[in-house]
Structure formats: C-alpha cells, structure tokens
Amino acid sequence: MPSDAPASYEAECASCHMAYPPALLSQQSWKNVMSGLAKHFGTDASVDPKTQAEITSWLVKNAATRQKYSETAPENRISKTSWFIRKHDEIKPDVWKRAGIKSAANCGACHIDAAKGNFSENNIKIPAK
Ligand code: HEC
Ligand code: HEC
C-alpha cells in the first residue's frame, strides 16, 4: 500500500470492505469504479466531487503497472481478473461460501495482513468455517 494514500481513501473506501491496494487493478478499471460510485455493487458509495477527484487521481497514479495485473477487470472486480482466478484456483467453490469468508472480495478473511497490502503466501490462514 503506497504511503501517500489520501486520508479520504481510508475514510471513504474502507468502511464496507478493506482499502484495496491500488496496484491490484488497472488505471481503466479504477476509473470505471470511481465513475460509478452511485451504483457500486448494489450500494451507493458516492462521495463529493472534490474527494472523488482526489481519490481517482491517487488510484490511477498507483494503479497496476506490471503486465499481469493490468488487464481491465471484468465487473471492475479484482476478484474477477484472470491473475486472481489463477492464483486462487486451488480453493474449492464451497470454501468461498464459508461464514468466515462469504466473498472472494473479503481478502482479509484469509490474507491476515491484507490491510497492510501483504498477500504473501506465508500470511494466509483460511477460516475453517
Ligand atoms: C457503502 C459501502 C461501500 C463503500 C463506501 C465502498 N464500497 Fe466498494 N464495494 C462494496 C460492496 C458491497 C462490494 C462488493 C463486495 C462483495 O462482492 O463481497 C464492493 C466491491 C468493491 C470492489 C471490487 C472487489 C472485488 O474484487 O470483488 C472494489 C475495487 C471497490 N469496492 C472499490 C471501492 C472504492 C475505491 C471505494 C471508495 C470510493 C469503495 N469501494 C467504497 C461496498 C462499498
Ligand atoms: C479463501 C481465502 C482467500 C481469500 C478470500 C483471498 N485469497 Fe488471495 N490467496 C489465497 C490463497 C490460498 C492463495 C495462494 C497462496 C499460494 O500461492 O500458495 C492466494 C494468493 C493470492 C495472491 C498471490 C500471492 C503470491 O505470493 O503469489 C494475491 C496477490 C492474492 N491472493 C490477493 C488477494 C486479494 C486482493 C483478495 C481479495 C480481493 C484475495 N486474495 C482473497 C486465499 C485467499
């Protein structure tokens, strides 16, 4: 997670889920997310225009640069990118539905240091239920 995150990112984008690291989505995907906040995955996550501009420019500046992370994400979801699906292909479908996980978007359920942007395989604990 880049250290120059604006306070607004934590305030506006980490209340319903973790603050996703910008490097896990492409520039275009972040623009798509940020231009559709009023209809955000079934909820309204809109912010005022100044905050929207501030968060968007920071996300775009820090978006994925490495080729493998820079595809335009289906449904604007990190969890629908081809690298995500590949990295998680050993997880069985019923595991995702466990009460302690609920959704692939709930990174911190398994990646215990996800909030710090750490997704290393040494920092994973899959909830047993
Ligand atoms: C009012 C609650 C709420 C707020 C505020 C919110 N989100 Fe979300 N967001 C959601 C929900 C609900 C989902 C879908 C989660 C799921 O599928 O489990 C989601 C999913 C996402 C995803 C896709 C995750 C994935 O890979 O499946 C991204 C990216 C995202 N949000 C970015 C943001 C950004 C950036 C902000 C701040 C501008 C933000 N969210 C603020 C509710 C919110
Ligand atoms: C059900 C538990 C679970 C959830 C939820 C989950 N992951 Fe993972 N993740 C894993 C496992 C298991 C691996 C594979 C580790 C390995 O390579 O052995 C992995 C691998 C990864 C890797 C590759 C790490 C490496 O060193 O190669 C990244 C990056 C990653 N996950 C990001 C995410 C993000 C971002 C989210 C949320 C949008 C997420 N994960 C949600 C369990 C999970």
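Predicted model: local features only at pLDDT ≥ 70, side-chain atom pairs only at ≥ 80, totals over all residues.
Author: Residues are numbered from 1 along each chain as its sequence is written, chains are lettered from A and ligands numbered from 1 in the order in which they are written, and side-chain values use heavy atoms, with hydrogens and water left out.

Reader: Why is the pair of tyrosine 9 and tryptophan 58 called tilted?

Author: Rings of Phe, Tyr and Trp (its six-membered ring) pair if their centres lie within 6.5 Å; planes under 30 degrees apart count as stacked, over 60 as edge-to-face and the rest as tilted. The structure holds four aromatic pairs. In the pair of tyrosine 9 and tryptophan 58, the centres are 5.0 Å apart and the planes stand at 50 degrees, so the pair is tilted.

Reader: What makes this pair a tie between separate parts of the chain?

Author: Helices are DSSP runs (H or I, at least four residues), numbered from the N terminus. Tyrosine 9 belongs to helix α1 and tryptophan 58 to helix α3 (residues 49-61), so the pair ties together parts that are 49 residues apart in sequence.

Reader: What makes the pair of tyrosine 69 and tryptophan 83 edge-to-face?

Author: The angle between the planes is 75 degrees, at a distance of 4.5 Å centre to centre. Ring pairs also link Tyr69 and Trp83 with Phe84 and Trp96 into a cluster.

Reader: Why does tyrosine 69 count as buried?

Author: Buried means under 20% relative accessible area, exposed over 50%, and partly exposed in between (1.4 Å probe, protein chains only). Tyrosine 69 has 16% relative accessibility and therefore counts as buried. Tryptophan 83, with a relative accessible area of 8%, is likewise buried.

Reader: How do you know that serine 103 makes a polar contact with ligand 1?

Author: A polar contact is a pair of N or O atoms within 3.5 Å; within protein, one must be able to donate a hydrogen and the other to accept it, and residues adjacent in sequence count only if both atoms are side-chain atoms. A polar side-chain atom of serine 103 lies 2.6 Å from an oxygen atom of ligand 1. For arginine 77, the distance from a polar side-chain atom to an oxygen atom of the ligand is 2.8 Å. An N or O atom in the side chain of histidine 17 is 2.8 Å from a nitrogen atom of ligand 1.

Definitions and conventions. Helix = DSSP H or I, 4+ residues; strand = E, 2+ residues; numbered from the N terminus.
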